[in-house]
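Subject: Structure for your review

Dear colleague,

Please find below the sequence and structure that I am handing over to you. The findings follow directly after them.

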Amino acid sequence: MTAHRATPAPNGAPSGKVERVSTRPWSRYRTIGAAIRAAKDGGVISVVAGVYRESLVFDKSVTVTAEGGEGTVELVAAHGPVLVVRAGRATIRGIALRGREPGAVAVAVHAGTLVLESATVTGGAVEVSGSAAAQLRHCVIRGTSSTGLRAAGEAVVEGTALTVEEVGGDAVVAGDAARIVLTDTRLTKAGGGGVVVAERAALTLARCDIGPTAGAGVEVVGSGQARLTDCRLHDLAGDGIRVAGSSTFGPAWWPPLRPERSATAPAGAPGDAGGVLVERCTITRSAATGVALSGSGQLHLAGSTVEHVGGPGVLATDDSRLAMSGNQISHAGQTALAVRDRAEVRCIDGTMADSAANGLFVADDGRVLLEGCTLRRSEYSAVHLTGTATAALLECTIADTPEFGVRASDHALLRLRGGSITGAGLGGIQVDGDADADVHTLAVSSCQSGIRIDTPHRPLLADCDIRDVEQTGIEIARGAALVARRCRITACGAVGVLVDGDAAPMLEDCEIAETGGSGLVIWEGATPVIRGLTVAGCGRNGVYVADRAHGSLIDCDISRTGYPAVYVGADADPQLLRCHVHDAGKDLEQAAGARATFEECWSSGVADATLPTEADAVRLAPAGPRRALPRPPAGPRNRAADLPALLGQLEDLIGMARVKQDVGTMVKLVQTVTRRREAGLAPPPMSRHLVFAGNPGTGKTTVARLYGQLLAALGMLTSGHLVEVDRSTLVGEYVGHTAPKTQAAFRRALGGVLFIDEAYALVPAGNGTDFGLEAISTLVKLMEDHRDEVVVIVAGYPHEMKHFIAANPGLSSRFSRTLAFDDYSAAELVQIVEKQAAQHEYGLADEARATILAYFTAIPRGEGFGNARFARKVFQLMTERHAARVADLAAPTNMELSMLEAEDLPINDTGVAAEVVPRMAGDGDEQ
């Protein structure tokens, strides 16, 4: 054998003496192992073609090459792995490596570095562990019954032009804190998944092809992280990409949610950003979900395509976070993008098309932001929100669905800015159940109907354009409410705006034109407030007021109608102020018994006119200052008749002498304001918004409810209903969420009282800031915009409420009056117990009354003392003790069944009813 000094290899391989291995009898080394043992560190071994049956162990830096080129040398394991690296840098070129057991390890790297070039590994897995490293270039791993390539510990594996195929388990697995980087790699025909990343491992794939596989293409669990770039995942029996847990996004990847354009994913390795990044990848022909995100997984999907999958295109559940930008999801077997549980998704410039269910489905407490997205050709509603879901759609295009463009149901909250909805078979938007919506600058066209509101809340429509719909432009369902401002409804086949029975919407500065039926229809029992409405070019009436309907129309313009411009049915009593009818065949038609009122209304250019001309309308107008806009009537019932009964309820409340006096004073002030207005005099200044300062259980909620009913009876509020909220109702969890939540709560209170309990919780402690201040700022503006439509009452502990009022300059001017709710005396607490007893058909024995009085006198009262709710708990405890006592009686009398005795209040040695104090907490503070 001839030996010579090697020249440095161009790829950086160590140089040194070249030892030659051959199976021929005269060779110096007939085994590769013998040559390795003899070689010095950095040596090179050239192996002549042939089959070598041995297992190699490397503990030094050695290079072993096939002298005849790739595939001419086959190394077959004699025992255990065919190749083990324990130290140094082992370089293997052009050699086929075959293990003994397909389910075992064929190549093991425990320490040091393995460089495998142009090699084929069969009959076992490649395993890299500890702090070892491996570089696999132009290699093939095939024919294992378990995993093809596995990395554990803190190992680092780099693969270039690697193929892993025909393996029984997962093609590649990274665990612990290992790191795998694969470039131009093909993973195919795996009995499990393509790649699994577990624990704290990290994966980088570039220009890789994965599929077919019997499992998921890529799976990330634990707190692993991954980056996929320009990869193709296809023909998968499981999910395309499944993330059941991951490391968290860095702050640059998950910026605060804000109305302006969101940031796209930054460049950098996964270790710099966290989570899972998928860029410019294609996922196709997955039997399950294209991208499935669950647990606490966090993923950014950018510039990628998900198509022809059996399940949802993208699914986010649990507490996962998903950022999407510039993606296309098409031909999903279910919904294109589905969000459930508490998952949060942000999607920018995406397309969702041709899904077999919804384009977007959000349920439970899922939260979604879609910006600049297109949703087309879904089999169900393009967007469906349910549960307590929250979704914001900014400048989105929705088209071609047989159901609704957007449907918000249950307790969902919809926020929509800009964009368009076309070709919706059932309607552009439907808001039903207990859902709420805030919709601005939306264009709805070529749909069956425009927008339908069927919720007790007051959704807001502003600056929307509804045109070319087959049926109704806007429908407010029975008992529903809506605020619509500056909306335009044109070219409807039927009615422009339909206000169904008992609905109470508010329309301001809207326009209805060119409808096949009537422009505005007000049905039986409805009480809309319509200001500044323009109605023109209707096939039937401009305004149709059905029998027994109500409402107010102020400063409206009605023209070019096929039927009489205004029709009023029997027993209907709408109020029309400063309305103008012109260029119509007939201005007014009223059924027998109609009770409409017209003030300063006139007509011009009408062939059959009933209303006066403009000059006559001005001449006949009431003297004095121009009349304020009227409030909608409450219906046939006279609300003013309720005033004595409501004042009686207030007086019957136990204690609260100062509160009763203050409320009585305000009632008299409101009555004076009303009389001055009726006399044409300017009203005195007054603020209806109040601060209720007092400890828990002192009757604040009870008085707030009565106060709203009193103002409704006095004509200052339209309904007087109470909407009770707290910080959790008003404040969102991320930037941009608070204002819509606050606006939604405020709209529910329009016409009544918004009662904010523990309002001081909106102000952060110390000098910090949080979203509570945003809620306060939003409230201040809403109170100014709707000063005549709502009363706001803030309540809480006296000292904390002073801090609350000082938190925003606008609060002190709007809350100029504070009602102080004193703690109940011991005698008053006894009266509350007696009142509770009477309501439940119980009586108090004299001895029991005396015992309760002594107990209330002795009980210590801290800041959290429950007052009336504490008294209710005492009564509840006594009834439980009483039930246990009389249950043992064979035939108890009515007296025994209803009389509470002193023994029903257990007093311990310290004079405290031990079972009461731990159970003091309770809801509400009513007597």
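Helix H4 passes helix H6 in a left-handed crossing. Please note that this is a predicted model. H4 covers residues 643-652 and H6 covers residues 700-713; their axes come within 9 Å and cross at roughly 160 degrees. Since angles over 145 degrees count as roughly antiparallel, H4 and H6 are therefore roughly antiparallel to each other. On the H4 side, the contact is made by Leu643, Leu646, Leu647, Gln649 and Leu650, and on the H6 side by Leu706, Gln709, Leu710 and Ala713. By class, the residues of this contact divide into seven nonpolar, two polar and no charged.

A second pair consists of helix H8 (residues 738-749) and helix H9 (residues 771-785), whose axes come within 9 Å and cross at roughly 45 degrees. That angle makes H8 oblique to H9. The crossing of H8 and H9 is right-handed. H8 contributes Thr738, Ala739, Thr742, Gln743 and Phe746 to the contact, while H9 contributes Phe771, Glu774, Ala775, Thr778, Leu779, Leu782 and Met783. The contact of H8 with H9 comprises seven nonpolar residues, four polar residues and one charged residue.

H12 passes H13 in a right-handed crossing. The residues in contact are Ala826, Ala827, Leu829, Val830, Val833 and Glu834 of H12, together with Arg849, Ile852, Leu853, Phe856 and Thr857 of H13. Sorted by class, the contact of H12 with H13 has eight nonpolar residues, one polar residue and two charged residues.

**Second largest pocket**

How much space lies in the second largest pocket? The volume of this pocket is about 400 Å³. The pocket is lined by 22 residues, of which Thr388, Thr390, His411, Leu413 and Lys741 are the closest to its centre. Helix H7 (727-730) and H8 are the elements that give two or more residues to the lining. H8 provides the largest share of the lining, four residues. By class, the lining of the second largest pocket has seven nonpolar, eight polar and seven charged residues.

**Backbone features in loops**

Glycine 211 and proline 212 are joined by a cis peptide bond, with omega at about 0 degrees. Proline 212 is placed in the loop between strand E24 (209-210) and strand E25 (218-220).

The other position is aspartate 349, where phi is near 55 degrees, a positive value in a residue other than glycine. Aspartate 349 lies in the loop between strand E38 (344-348) and strand E39 (351-353).

With kind regards

Technical notes: Residues are numbered from 1 along each chain as its sequence is written. This is a predicted model: local features need pLDDT of at least 70, side-chain atom pairs count only at pLDDT 80 or more; totals for chains, interfaces and linings use all residues. Side-chain values use heavy atoms; hydrogens and water are left out. Axes are lines fitted to C-alpha atoms, for helices over the stretch in contact, and angles run from 0 to 180 degrees between N-to-C directions. Angles under 35 degrees count as roughly parallel, over 145 as roughly antiparallel, 65 to 115 as roughly perpendicular and the rest as oblique. A crossing is left-handed if the near helix is turned anticlockwise from the far one by less than a right angle, and right-handed if clockwise. Contact means heavy atoms within 4.5 Å. Ala, Val, Leu, Ile, Met, Phe, Trp, Tyr, Cys and Pro count as nonpolar, Asp, Glu, Lys and Arg as charged, and the others, Gly among them, as polar. On a 1 Å grid over the protein atoms alone, a cavity is a set of points where a 1.4 Å probe fits but cannot get out, and a pocket is an open set with protein on both sides within 12 Å along at least five of seven lines; lining residues have an atom within 4 Å of a point. Grid points are joined across faces, edges and corners, and a volume is the space filled by probe spheres set on the points.
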